[in-house]
Amino acid sequence: MSPLDQVVPTGAVRFHVEEEHEHSGGSTMLGFWIYLMSDCLIFAVLFACYGVLGRSYAAGPSGADLFDLPLVAVNTSMLLLSSITCGFAMLEMERNRRGATLAWLAVTALFGAAFVGLELYEFAHLIHEGAGPWRSAFLSSFFTLVGTHGLHVTVGIVWMVTMMVQVAQHGLIPDNKRRLMCLSLFWHFLDVIWIGVFTFVYLMGVLA
Amino acid sequence: MSAPSHTHAHPGAHPHGDHHGDASGHGTLKGYLTGFVLAVILTAIPFWLVMGDIFADSQTTALAIMALAVVQIVVHMVYFLHMNTKSEGGWTMLALIFTVVLVVITLSGSLWVMYHLNHNMMPVSAHDMREMP
């Protein structure tokens with residue numbers, strides 16, 4: 001009995017395999033989502049670190065002494081506004097309007113840059129007051145957590161500018177649409193992380 | 001691996017080579033605006049609670065802002081990240097649930113263990129801390 005006799009009855013399986021090749025980019029969104037989930041774990045570890053060390057002031061300043069809530073509120077609104085404009089960019093992308101997509105992406109990147117700028121101002125202010133990451137375990141974990149988030153937003157802005165150049169040069173081709181979908185997921189994900197940051201770090205830091 | 005079954009369900013549905021996550025991956029203007037309004041409200045309330053000293057007990061305030069944060073995260077997941085049980089054949093939801101379980105274990109485990117560790121350490125006064133190298 002040759003092996004061929006056993007293959008023939010299950011020949012229909014081959015059809016499935018060939019069909020799958022047409023959708024080579026089909027798993028990109030799932031793969032990117034799994035990357036976001038692993039990124040989420042990085043932030044979970046940093047949050048746990050802050051949760052453990054956040055009250056170890058080493059006789060230094062506490063969150064209540066340092067945090068400027070109105071500034072944090074402005075910062076939060078910058079990120080929220082950038083989230084909705086990113087959504088508008090995605091809607092325009094679906095309608096295949098290149099100019100409007102580029103415009104909304106530019107607005108999103110500007111809001112993101114405002115967020116990073118305000119955060120850098122806050123960090124510079126803290127360091128100027130002698131409350132740098134070296135001062136206490138609380139400040140080390142604070143700078144690590146908030147700094148990692150800020151770094152993510154910075155990378156997001158770089159990615160956004162890259163995509164604006166790509167869309168301007170090649171238009172809203174399927175490849176660029178897929179990349180923009182990933183970028184918007186990334187951007188909204190960073191906003192979700194920021195909810196945790198302003199709640200657990202800033203608001204609860206001022207409460208304690 | 002939901003691609004084969006999907007291909008059979010909608011042969012040639014995406015002639016431009018779009019991926020099969022498309023159908024559920026996009027939002028609508030109404031969805032984004034609803035999410036934005038909810039997010040603004042859910043952000044404004046915790047800031048107001050803390051900055052206005054609404055509750056006398058800070059424990060109550062802490063519980064309230066944590067609850068609001070959880071609600072806001074769900075709002076962002078649904079309206080901005082378009083999370084649902086259908087997208088990618090349910091695999092994104094499965095990955096999310098797995099991640100949430102890991103996050104809960106990491107956070108609660110770290111806080112629980114380290115709290116007891118701190119609790120059982122010898123007390124160090126602020127004066128001793130200043131004298132430390």
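Colleague: In which helix is the place of Tyr50(A)?

Modeller: Tyr50(A) sits in helix α3 of chain A, residues 28–53. Keep in mind that this is a predicted model.

Colleague: Is Tyr50(A) buried or exposed?

Modeller: Buried. Its relative accessibility is 5%, and the cut-off for buried is under 20%, so Tyr50(A) counts as buried.

Colleague: What does Tyr50(A) touch, leaving out residues up to four places away in sequence?

Modeller: Phe138(A), Ser141(A), Phe142(A), Leu145(A), Phe200(A) and Val201(A).

Colleague: How far is Tyr50(A) from Ser141(A), in sequence and in space?

Modeller: They are 91 residues apart in sequence. In space, the C-alpha to C-alpha distance is 5.1 Å.

Colleague: Let's zoom out. How many helices and strands are there in chain A?

Modeller: Chain A has 8 helices and 0 strands. Along the sequence the pattern reads α-α-α-α-α-α-α-α.

Colleague: And what share of chain A counts as buried?

Modeller: 51% of its 208 residues.

Colleague: Which share of the contacts in chain A joins residues at least 24 apart?

Modeller: 80%, among contacts between residues at least 6 apart in sequence.

Colleague: Now charges. How many salt bridges does the count come to over all chains?

Modeller: The count comes to 3. In general, side chains of opposite charge can pair when their charged atoms come close.

Colleague: Which residues are linked in a network of salt bridges?

Modeller: Glu92(A), Arg95(A) and Arg97(A). Glu92(A) pairs with Arg95(A), with the closest N and O atoms 3.7 Å apart. Glu92(A) also pairs with Arg97(A), and there the closest N and O atoms are 3.1 Å apart.

Colleague: Why does Arg95(A) count as exposed?

Modeller: Because exposed means over 50%, and Arg95(A) has 52% relative accessibility.

Colleague: What does Asp175(A) meet in a salt bridge?

Modeller: Arg178(A), at 3.2 Å from N to O. Both residues lie in helix α8 of chain A, residues 174–207. They are 3 residues apart, about one turn of the helix. Asp175(A) itself is partly exposed, with 34% relative accessibility.

Colleague: Switching to cysteines. How many disulfides does a search of the whole structure find?

Modeller: 0, over all chains. Cys86(A) is in no disulfide, and its nearest cysteine sulfur belongs to Cys182(A), 12 Å away.

Colleague: Why does that pair not count as a disulfide?

Modeller: Because the sulfur atoms would have to be within 2.5 Å, and those of Cys86(A) and Cys182(A) are 12 Å apart.

Colleague: Is Cys86(A) buried or exposed?

Modeller: Buried, at 1% relative accessibility. Cys182(A) is buried too, at 6%.

Colleague: On to the partner. How many helices and strands has chain B?

Modeller: Chain B has 6 helices and 0 strands. Its pattern along the sequence is α-α-α-α-α-α.

Colleague: What share of chain B counts as buried?

Modeller: 29% of its 133 residues. As for contacts in chain B with a separation of 6 or more, residues 24 or more positions apart account for 53%.

Colleague: How many residues does the contact take from chain B and chain A?

Modeller: 55 residues from chain B and 53 residues from chain A. The buried area between them is about 4700 Å². Carbon and sulfur atoms give 83% of that area.

Colleague: How many salt bridges are counted between chain B and chain A?

Modeller: 0. The interface does have 1 residue pair in polar contact, with both residues at pLDDT 80 or more.

Colleague: Which helices of chain B each supply at least two residues to the side that touches chain A?

Modeller: α1 (3–9), α2 (22–25), α3 (29–51), α4 (58–79), α5 (91–119) and α6 (126–131). α5(B) gives the most, with 13 residues.

Colleague: How many residues on that side of chain B are nonpolar, polar and charged?

Modeller: By class, there are 32 nonpolar, 19 polar and 4 charged residues on the side of chain B that touches chain A.

Technical notes
Residues are numbered from 1 along each chain as its sequence is written. Chains are lettered from A and ligands numbered from 1 in the order in which they are written. This is a predicted model: local features need pLDDT of at least 70, side-chain atom pairs count only at pLDDT 80 or more; totals for chains, interfaces and linings use all residues. Side-chain values use heavy atoms; hydrogens and water are left out. Contact means heavy atoms within 4.5 Å. Buried area is the accessible area (1.4 Å probe) that two parts lose on being put together, summed over both. A salt bridge is a side-chain nitrogen of Lys or Arg within 4 Å of a carboxyl oxygen of Asp or Glu. A polar contact is a pair of N or O atoms within 3.5 Å; within protein, one must be able to donate a hydrogen and the other to accept it, and residues adjacent in sequence count only if both atoms are side-chain atoms. Helices (H or I, at least four residues) and strands (E, at least two) are DSSP runs, numbered from the N terminus. Ala, Val, Leu, Ile, Met, Phe, Trp, Tyr, Cys and Pro count as nonpolar, Asp, Glu, Lys and Arg as charged, and the others, Gly among them, as polar. Buried means under 20% relative accessible area, exposed over 50%, partly exposed in between (1.4 Å probe, protein chains only).
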